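Please look through the sequence and the structure shown here, and then read the report below, which follows one part of the fold at a time.

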Amino acid sequence: MTVTNRIFLAAALAAAALGAQTPGRHKRIVGDAEVLRVHRAAILIDTHNDVPSSTVAGMDIGKPNTDHHTDLPRMKDGGMAAQFFAVYVAASYVEGNHAANRTLQMIDTVRHDIIEKYPRDFVFATTAADIRRARKQHQIAALLGIEGGHAIEDSLRLLRRYYDEGVRYMTLTHSNSNHWADSSGDANKPNNGLSDFGKEVVREMNRLGMIVDISHVSDKTFQDALEVSKAPIFASHSSCRAISPVPRNMTDPMIVALAKKGGVIQINFACDFLNADVAQASAAIEEKLRPIRDELIKKYAGDPDGLSRAMREARERVGAGPGPRATLADVVRHINHVVEIAGIGAVGLGSDFDGIDCAPEGLDSVDQWPNLTRALLEEGYTASDIRKIYGENTLRLMAEVERVARTMR
Ligand SMILES: [Zn+2]
């Protein structure tokens with residue numbers, strides 16, 4: 001490197017460091033009317049919610065309830081425009097070869113128990129244009145994302161069937177590695193990232209127009225997926241590892257690389273993903289809970305409410321107590337961090353409501369989204385910034401995934 005280059009680099013780094021503190025933003029006081037106006041003008045898309053694991057077992061999303069983060073009345077209060085519902089297929093369904101069966105049941109609960117049951121409020125959506133149309137009709141766009149690549153039972157034919165059923169993203173793994181992709185939750189990493197077949201899965205997802213979701217995958221699987229994919233990819237529910245060092249979160253280089261290819265990291269609201277102190281406290285408890293959870297997951301297969309009750313009791317038994325919680329301010333910190341390292345176009349929201357044990361104070365459930373709007377305005381974000389974070393970044397990504405698919409058909 002020449003001396004001149006070195007000086008330029010030093011200047012650039014200094015400018016970046018200055019910008020990192022307040023990239024043109026200034027904290028300010030915000031009134032209720034502005035919060036409401038900005039909130040209503042944004043198309044709020046949440047890319048991950050696990051309530052279908054409860055509706056499949058009989059929960060009525062239309063009735064107000066307090067044991068879930070999600071119900072229809074609160075979704076409306078929260079001003080939600082679109083929800084990707086998680087077609088979560090627990091790894092336990094791989095045993096006995098029931099993964100596809102479970103996948104179809106989960107797709108059915110979203111289509112039958114949510115959309116068809118409340119047709120005035122929800123409308124089935126598969127494209128960016130569908131979401132904009134739903135918004136104009138004052139309906140909540142309901143979309144499908146599969147969580148756990150074992151759902152395809154190693155068959156591109158099943159992948160194509162799920163696309164035809166309306167599935168528009170697939171998380172390549174859950175906490176388990178499958179036969180073709182490694183998970184961040186698996187110490188063994190049997191595939192060293194994506195296997196050759198795993199790469200074929202990614203290419204077929206590109207051709208179909210299904211978003212490649214790298215939440216839950218190992219760092220090497222992320223790199224492989226990013227390299228192979230012809231379309232931008234996203235993390236449907238992950239946060240920043242620089243702030244809370246859990247393997248489910250993304251490192252800065254991962255976030256920057258993702259953003260360079262037009263990708264989006266959708267911030268997850270799990271208290272331990274948001275806050276390092278909470279992560280440390282819950283890791284100690286988790287150590288004690290893991291063997292109990294494994295037992296209970298088997299015992300309460302197909303009964304998620306029974307499972308959460310039993311887990312609550314188990315928590316009390318091991319003395320977990322209420323412990324420290326993350327807050328709304330932590331969510332803002334993660335958004336700030338992504339904006340600082342990768343730009344305003346790289347961040348979105350994937351709450352993981354009803355898939356997490358602890359939601360941040362101030363963002364406790366799906367009716368609390370306006371609190372985030374207020375916090376972002378106070379932080380100095382403009383209405384246009386907030387529109388990007390809430391929905392436009394994801395809509396841009398979806399439109400690009402759809403465009404790439406058209407070029408491959
Ligand atoms: Zn998840």
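In this predicted model, strand β5 (residues 167-171) pairs with β4 in the parallel sense over 4 bridges, and within that pairing Met170 of β5 is the bridge partner of Ile146. Together, β4, α7 and β5 make a right-handed β-α-β unit. Strand β4 also runs parallel to β2 and to β3, as the table sets out.

| Strand joined to β4 | Bridges | A residue and its opposite in β4 |
|---|---|---|
| β2 (residues 82-88) | 7 bridges | Tyr88 and Glu147 |
| β3 (residues 122-124) | 3 bridges | Phe122 and Ile140 |

Between β3 and β4 the chain passes through helix α6 (residues 128-136), and this β-α-β crossover is right-handed.

How enclosed is β4 by the rest of the structure? Because 8 of its 8 residues are buried, β4 is largely enclosed. Both of its faces are covered, with Ile140, Ala142, Leu144 and Ile146 buried on one side, and Ala141, Leu143, Gly145 and Glu147 buried on the other.

Ala142 is also among the residues that touch the most other members of the largest nonpolar core, which has 111 residues, and helix α16 (residues 383-408) gives the most to this core, with 7 residues.

Asp154 is in the loop between β4 (140-147) and α7 (156-164), and it counts as partly exposed because it has 15 C-beta neighbours inside 10 Å. Asp352, by contrast, lies in the loop between β9 (347-349) and α15 (369-378), and Asp352 counts as buried because it has 25 C-beta neighbours inside 10 Å.

Conventions. Residues are numbered from 1 along each chain as its sequence is written. This is a predicted model: local features need pLDDT of at least 70, side-chain atom pairs count only at pLDDT 80 or more; totals for chains, interfaces and linings use all residues. Helices (H or I, at least four residues) and strands (E, at least two) are DSSP runs, numbered from the N terminus. A residue is buried if 20 or more other C-beta atoms lie within 10 Å of its own, exposed if 12 or fewer, and partly exposed in between; C-beta atoms are placed from the backbone. A nonpolar core is a set of buried Ala, Val, Leu, Ile, Met, Phe, Trp, Tyr and Cys residues joined through C-beta atoms within 7 Å. Two strands pair if DSSP finds at least two bridges between them. A crossover is right-handed if, with the strands pointing away from the viewer, the path from the first strand over the helix to the second runs clockwise.
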